[in-house]
Structure formats: C-alpha cells, structure tokens
Amino acid sequence: LMAGVLHRQRTRESSARTYARSFPIVPVRAQGITVEGADGRRYLDCLCGAGTLALGHNHPVVVAAVRRVLDSGAPLHTLDIATAEKDEFVSTLFDTLPAELARGARIHFCGPAGTDAVEAALKLAQTATGRRGLLTFTGAYHGMTAGALAVSGGVAVREPLAAFTGEVTRLPYPYSYRCPFGVGGPQGARLAAGYAERLLDDPHSGVVAPAAMILEVVQGEGGVVPAPDEWLRAMRRITAERGIPLIVDEVQTGVGRTGAFWAVEHSGVVPDILVLSKAIGGSLPLAVIVYREELDAWAPGAHTGTFRGNLLAMAAGAATLRFVAAEGLDRRAAELGDRMLGQLRALQAEHPVIGDVRGRGLMIGVELVDPAADPDPCGARPAAPDLARRVREECLRRGLIVELGGRHDAVVRLLPPLTLTDEEAGAVLDRLADAVVAAER
Ligand code: PMP
C-alpha cells in the first residue's frame with residue numbers, strides 16, 4: 001500500500017507542495033501527538049498540521065463536536081447565513097479575545113485558509129484608509145496568494161509577482177540572533193524601531209502612504225523568531241500616532257500556542273485587525289479577521305467567497321477554543337515551553353552546531369549553524385541547512401516528525417500539541433538530542 005501511495009503522489013501531485021510531502025509516511029491513524037503509518041510505525045508529531053492541531057490529532061472533544069453537527073442533520077454549507085453553530089463559534093471566540101479588541105469588534109469569515117484572511121485584512125485596511133502602501137517586515141510569512149506574498153519576506157516565492165511589491169515597504173524585524181543592526185537584544189530592537197519611525201517620517205524615503213502595517217508576534221515560517229514586547233509596543237505606538245491600522249497575523253501564534261491565549265496579550269498590544277486561522281478551526285479549515293468597528297468600510301458584497309464558514313469547522317473550532325480556555329492550556333504551554341527551552345539550551349551548550357534556541361510557549365526553534373565558521377558581530381554563525389535536513393531525517397528515523405523553517409531553512413521547528421504531557425515532551429527532546437548527535441557525525 002505505502003509504496004503505491006507514495007509513488008502515485010510523486011508522479012501525480014505538483015511538486016510545489018513541499019511541505020512535509022517528502023516524508024515516507026502514509027498515516028492511517030492518529031491520536032494526540034501520535035501518528036501511525038501504514039507500515040505500523042508510530043511517530044511523535046511536532047509538525048501538527050503546521051501548528052493547526054492545538055489539541056493534537058482527533059481530540060475527543062473535537063471529534064464529539066463534529067459528530068454532533070453531523071448527527072443533527074444541520075446543513076453543512078450555509079455560505080454567510082446565520083446558524084446556531086456560527087453564533088456559538090463567534091461568541092466563544094469573542095469571549096477569548098482581549099476585552100479591548102472584543103468590545104464592539106466586527107468579524108468577517110474569509111476562509112478557508114490563513115492566506116485568504118490576510119488578503120481580506122489588507123484589502124479592508126486599504127478600503128478603510130483609502131491608501132495603498134503596506135508596511136511589512138523582513139522574514140515575514142503571511143501566505144501564498146498575491147497580496148499575502150507581497151507582504152512576505154522570501155524573495156524566491158515572491159519573484160514572479162515582483163510587480164505587486166511596488167508599494168510595500170519592508171522594515172527590519174528584530175531578529176536578535178541575526179541582528180539587522182549588528183546589535184542583539186533590547187538595544188537591537190530599539191534600533192529597529194527607531195529606524196522604522198525615521199523612515200516613515202522622512203519625506204524622501206519613498207514610502208507610499210501606508211494603509212496598514214502587518215506583523216507576526218513570533219515569526220513562524222521565518223524561523224521561530226519572537227519579537228520583544230517592547231518592540232511590539234513601539235510598533236503599536238508608531239502606527240497609532242500616524243493613523244496607520246496595525247494588522248497582527250496570529251494565524252500560527254493564536255489559541256494558546258505561545259503561552260498566552262493570543263500572542264498579543266504578552267505585550268498588551270491591541271491590534272486594529274487580527275488575522276486568525278489554523279487552530280481556530282480545530283483541525284478543519286477556517287479563517288477570519290476580527291477588527292475594530294470603525295474600520296468596517298465594506299458595503300454588502302465588497303468581499304465575498306463561497307467557502308467561508310463551514311459548520312463542522314466552526315463546531316470543531318468552538319470546542320477547541322473552549323477546551324484550551326477551560327483547561328488553561330495556554331498557561332501550560334508557557335510553563336512547559338520554558339522548561340523545554342531550558343533543556344534545549346543545555347543541549348546547545350554541548351553541541352556547537354546549535355547556534356540558537358528560541359521560542360515562546362510551545363512554538364520552539366533550534367537554529368543549526370556551521371560551528372567552524374567565524375561568528376558575525378552578534379555572535380551568529382552561518383546557517384547550516386544541510387545539517388538541518390540531516391537532523392530532520394534522523395528525527396524521522398527515531399519516530400519524530402519536525403519541519404524546517406527560517407531564512408536559510410536551517411531552523412528545526414517544534415509545534416507540538418498543547419496537550420503535550422511531560423513524558424511526551426521528554427521523548428521529543430530525547431529523540432531530537434539523539435538526532436543532533438547522529439547528524440553531527
Ligand atoms: N500567516 C502565518 C503567520 C502563517 O504561519 C501562515 C501559514 N503557515 C499563513 C499566514 C498562511 O496560512 P495558510 O497556509 O492557511 O494559507
């Protein structure tokens with residue numbers, strides 16, 4: 001079975017979808033963090049649908065919620081029409097949002113993917129402000145549709161759309177390991193913020209009047225790069241002072257992942273538009289934007305689409321949000337994440353191929369470097385993508401699924417379910433440590 005399935009995938013499916021598709025696994029069953037392949041092998045899944053599965057695979061509350069809708073005979077596809085399931089999802093979501101944002105906020109169902117919600121956010125900001133320019137950051141990732149690509153950092157994926165990038169200004173993200181200003185930590189972040197502010201105020205900078213600034217609180221695909229809270233507050237101040245709506249993309253960081261229910265809560269920053277997807281659908285496709293009422297410049301029909309609000313996804317999502325809130329899985333992610341970061345830093349001390357260990361909550365990155373090369377002024381050594389690929393392979397051989405990310409594809413990313421037990425966390429770290437030893441040889 002496996003060989004046939006893998007062969008047909010290789011020969012029939014576009015190779016553009018590289019995300020984990022090369023893994024020699026044909027999953028047949030999954031529960032929690034565990035995925036079982038057709039060959040009977042079991043894996044610990046720290047990719048979890050690219051961070052979608054907050055409660056892991058097939059969590060009983062999610063399965064029960066989906067089953068309830070199916071058994072009720074409710075229509076599964078209702079476009080934008082009001083349903084009890086939608087009402088329940090929206091109420092549950094609003095209950096979890098920072099009060100200052102939730103008060104009088106509007107929600108728009110964009111679905112099915114995160115990139116659709118990013119498009120909607122950019123378009124709404126442009127409609128509301130009547131401006132076209134967009135501010136974004138080095139290393140950003142917002143999706144694969146044209147507008148989302150235009151505000152993403154990777155040149156390779158953006159190249160065919162170069163014409164779209166004319167009105168986009170890329171500001172330096174405070175990546176404290178590979179510091180844009182040759183200084184890391186809080187000082188580097190202050191320099192990055194100061195640069196952004198001066199650029200916006202310089203009439204000769206060529207920055208087109210911004211309709212919005214879009215940012216991630218922790219860059220995910222960009223290599224698990226957390227932004228300091230100070231810097232985030234500076235971005236909030238800078239945009240507020242200039243009447244520029246702030247879009248925060250929490251597609252990957254939302255629903256407890258970073259150790260707060262929403263990653264913006266760490267800094268207290270209240271965005272004008274919040275972009276949500278992945279975990280809010282409880283493993284099914286769902287994407288929304290939540291925004292300040294004053295920005296609601298859309299006339300009926302201004303932004304439509306067929307798949308925006310699937311009852312199964314709403315039920316699975318509401319069940320997930322409720323479970324994370326009721327069980328305090330955000331706080332659990334903070335505590336367990338800190339412990340795992342500490343253990344990974346101990347591993348780093350023994351293995352100079354680990355250049356940096358960073359993250360927030362259960363969104364963790366391990367950057368692999370060439371230890372023989374000279375460090376830059378911040379102490380960062382050149383990234384080692386080949387080594388990172390070997391680590392990923394050795395992880396897989398030991399029954400651990402991880403994906404790579406980052407500017408140079410040299411960051412091993414861990415996105416385990418928030419239901420991770422201490423034992424599972426120990427097993428993940430043991431396997432990763434063994435994989436590093438094997439890959440180093
Ligand atoms: N924004 C962020 C921060 C993401 O991490 C992603 C997906 N990795 C997206 C947007 C795009 O989401 P999707 O792949 O569902 O289009």
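Predicted model: local features only at pLDDT ≥ 70, side-chain atom pairs only at ≥ 80, totals over all residues.

Me: How is the chain divided?

Reply: The chain is divided into domain 1, made of residues 2-58 and 329-440, and domain 2, residues 63-327. Taken over C-alpha atoms, the centres of the two domains are separated by 25 Å.

Me: And how many residues of each domain are in contact with the other?

Reply: On the domain 1 side there are 32 residues, in contact with 32 residues of domain 2. Five elements each supply at least two residues of the domain 1 side: α2 (48-51), α12 (329-350), β13 (354-360), β14 (363-368) and β17 (411-414).

Me: What is that side of domain 1 like by residue class?

Reply: The side of domain 1 that touches domain 2 has 14 nonpolar, 11 polar and 7 charged residues.

Me: β13 was in that list. Which strands make up its sheet?

Reply: β13 belongs to an open sheet of 4 strands in the order β13-β14-β17-β16, and the pairing is antiparallel. The edge strands are β13 and β16 (403-405), each of which pairs on one side only. On average, neighbouring strands of this sheet are turned by 30° against each other, direction ignored.

Me: Is β13 mostly covered or uncovered, then?

Reply: β13 is mostly covered, as 7 of its 7 residues are buried.

Me: What joins β13 to β14?

Reply: The two strands run antiparallel and are joined by 6 bridges. Arg-360 stands opposite Met-363 of β14. Together β13 and β14 form a hairpin with 2 residues between them, and Gly-361 in the turn has a positive phi of about 60°.

Me: How many bridges are there between β16 and β17?

Reply: β16 and β17 pair over 3 bridges in the antiparallel sense. Gly-405 has Val-411 in β17 as its bridge partner.

Me: Changing topic: what is the order of strands in the 7-stranded sheet?

Reply: The order is β4-β12-β11-β10-β7-β5-β6, in an open sheet with mixed pairing. β4 (106-109) and β6 (168-171) stand at the edges with a single partner strand each, so one side of each has no neighbour in the sheet. Neighbouring strands here are turned by 20° against each other on average, direction ignored.

Me: Do β7 and β10 run parallel or antiparallel?

Reply: Strand β7 (residues 210-215) and strand β10 (residues 246-249) run parallel, with 3 bridges joining them. Met-213 has Leu-246 in β10 as its bridge partner.

Me: Now the ligand. Which residues come nearest?

Reply: Of the 15 residues around the ligand, the nearest are Ala-113, Gly-114, Thr-115, Val-251 and Gln-252. Helix α6 (residues 114-129) gives the most to this shell, with 3 residues.

Me: How do the shell residues divide by class?

Reply: The shell around the ligand divides into 5 nonpolar, 7 polar and 3 charged residues.

Me: Last topic: what about the backbone at Asn-58?

Reply: Asn-58 has a positive phi of about 50° although it is not a glycine. Asn-58 lies in the loop between α2 and α3 (60-72).

Me: Why does Leu-79 count as exposed?

Reply: Leu-79 counts as exposed because it has 12 C-beta neighbours inside 10 Å, and the exposed class takes in residues with 12 or fewer.

Definitions and conventions. Residues numbered from 1 in each chain as written. Near = placed C-beta within 6 Å. Nonpolar A, V, L, I, M, F, W, Y, C, P; charged D, E, K, R; others polar. Pairing = 2+ DSSP bridges. Axes fitted to C-alpha atoms, helices over the stretch in contact; angles between N-to-C directions. Domains from an automatic or database assignment. Contact = placed C-beta atoms within 7 Å. Buried ≥ 20, exposed ≤ 12 C-beta atoms within 10 Å, placed from the backbone.
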